[in-house]
Amino acid sequence: MSRRVRARRKSESQRKMLGVGLAVVILAVLILGLAKSSFSFGAEGCGTREIDPERSGYCLTNSRDFDELVVVVGNTQNSPKPELDFGDGELREILAGVFYNAERGDSPAISIVSAAGGNNVVEFTSKYKPAQNIRSSNGALRKLGNDLSRILETPATAAGADYLAGILEAANLISTSAKHPLILVVGSGYSDSGVLNFAQDDLFERYWQNEENISALLARDRSTQRSSLEGVAVYWYNLGDTVAPQVNMNKYKDDTQAIYEMALTALGAKEINLRNYSGVKSDAAAVDSPYSVMPTFVEELEAGDSFNVNENVGQFEPDRDILVNETEAEKRLRNFAQRFNNNGELKMRLTGYVAYCLENEDLGLARANTIKRVLTKLGVDEQKILVAGRRGSPPRYEKEEYTCDSDLPMTERRTVHIEIIEE
């Protein structure tokens with residue numbers, strides 16, 4: 001091969017490499033530009049929004065943005081820990097809308113209500129607000145999102161859950177000046193009290209028999225007025241997702257969503273979006289709260305299923321085995337008892353615990369026998385029930401039978417634990 005041919009081929013090869021290199025540079029610039037466009041919301045720019053030309057430090061809002069946010073958080077034992085990321089995606093856009101709708105010097109309008117117990121308002125005062133420049137404002141927005149994500153993991157401070165009542169309490173907190181408010185709910189939705197009581201009232205059976213049964217429940221209750229949610233949007237994350245001790249309810253998600261959609265529509269909600277999921281992991285756990293929620297059972301009980309007859313279910317007279325609220329306890333145990341197959345190979349094991357350690361287990365055993373009597377009255381075969389008593393409170397560790405140094409609240413110490421076991 002001649003020297004001239006080799007030189008020409010070398011020159012062609014160099015041009016090709018230069019062309020490839022130029023293409024790579026152009027592609028990198030394009031990617032960098034897209035990345036800058038996507039992430040500039042956290043620095044100098046407003047992302048998909050525009051900078052407000054009239055208010056320094058503000059990004060423009062639009063008609064789709066919410067101007068007030070109330071979160072109803074399911075921080076109960078039957079719901080996965082509410083791990084919401086307000087620094088990304090739809091949740092960031094929701095928070096940004098509320099944030100930039102705040103007037104100069106005002107904190108964004110954000111409140112939090114617990115789905116647990118009496119639906120207490122969770123204390124939350126934002127110290128972050130729009131600043132004088134976009135960089136500082138976006139930094140404040142990021143910190144606000146982190147604070148909000150963290151505060152939603154506050155453990156429940158009372159037993160039980162009532163999600164619908166929590167939503168109605170959230171509606172009461174919305175200011176009269178709000179033009180486009182959002183109630184954002186996060187949690188399983190499985191309540192053990194209130195109008196939509198999944199644990200006691202066979203809501204699925206009622207819904208399957210006739211969908212109008214749900215509307216009838218709402219119509220009969222004074223707390224559920226048709227205009228309660230008028231003009232309010234409701235978004236729900238992780239509806240139907242559960243963790244132990246609540247059994248898996250995945251196969252009932254669609255029905256759960258349908259029941260709540262009927263209820264929220266009847267209450268006048270302007271916009272309803274119940275199919276948001278944050279991605280619950282297989283090993284997910286609830287927020288570490290000592291307060292329990294009565295589990296919802298739809299199918300026949302299986303080995304490992306359990307139920308705590310604590311003071312939220314059955315209240316004993318002090319130092320005695322007599323129930324103060326026996327009729328109410330029967331009602332709360334009925335659904336569980338009806339799911340037990342007397343003709344199967346499983347049994348119930350009842351273990352009675354007390355608030356403080358005693359000299360013997362007599363009181364714990366007597367209370368277990370009281371609950372046994374209630375269960376037999378509800379149809380459970382007496383021969384299928386085993387009873388035991390302990391001289392202390394429920395154990396903290398797996399190998400303990402009881403503890404004399406419990407950190408549980410009193411209402412959870414005085415309990416009879418029911419477990420479904422194999423014969």
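How many bridges join E7 to strand E10, and in which direction do the two run? Four bridges join E7 to E10 (residues 416-422), and the two strands are antiparallel. Strands here are DSSP runs of E with at least two residues, helices are runs of H or I with at least four, and both are numbered from the N terminus. Two strands pair if DSSP finds at least two bridges between them. Within this pairing, phenylalanine 307 has isoleucine 418 of E10 as its bridge partner.

The model is predicted, so local features need pLDDT of at least 70 and side-chain atom pairs count only at pLDDT 80 or more, while totals for chains, interfaces and linings use all residues. Residues are numbered from 1 along each chain as its sequence is written, and side-chain values use heavy atoms, with hydrogens and water left out.

The chain holds 10 helices and 10 strands. Of its 423 residues, 47% count as buried, where buried means under 20% relative accessible area, exposed means over 50%, and partly exposed lies in between (1.4 Å probe, protein chains only).

E7 and E10 belong to an open sheet of four strands, in the order E7-E10-E8-E9, with mixed pairing. At the edges lie strand E7 (306-309) and strand E9 (385-389), each of which pairs on one side only. On average, neighbouring strands of the sheet are turned by 20 degrees against each other, direction ignored. Strands of a sheet pair through backbone hydrogen bonds, either parallel or antiparallel.

Two helices pack on this sheet. Helix H8 (residues 326-338) touches E7, strand E8 (346-352) and E10, and its direction makes about 165 degrees with that of E7. Helix H9 (residues 362-377) touches E7, E8, E9 and E10, and its direction makes about 155 degrees with that of E9. Such angles run from 0 to 180 degrees between N-to-C directions, and axes are lines fitted to C-alpha atoms, for helices over the stretch in contact. Contact means heavy atoms within 4.5 Å.

Elsewhere, helices pack on each other. Helix H6 (residues 212-220) and helix H7 (residues 253-266) meet at an angle of about 45 degrees, with their axes 10 Å apart. H6 and H7 are therefore oblique to each other; angles under 35 degrees count as roughly parallel, over 145 as roughly antiparallel, 65 to 115 as roughly perpendicular and the rest as oblique. Ile214, Ser215 and Leu218 of H6 make the contact with Ile259, Met262, Ala263 and Ala266 of H7.

Helix H2 (residues 89-100) and helix H3 (residues 134-151) pack at about 120 degrees, with their axes 11 Å apart. H2 and H3 are therefore also oblique to each other. The contact residues include Leu95 and Phe99 of H2 and Leu141 and Leu144 of H3.

Some details lie in the loops. The loop between strand E5 (233-237) and H7 contains proline 245, which is joined to alanine 244 by a cis peptide bond with omega of about 15 degrees. Asparagine 238 is in the loop between E5 and H7. Its phi is near 65 degrees, a positive value in a residue other than glycine. Aspartate 319, in the loop between E7 and H8, has a positive phi near 60 degrees. Are these two residues buried or exposed? Asparagine 238 is buried, with a relative accessible area of 2%, whereas aspartate 319 is exposed, at 68%.
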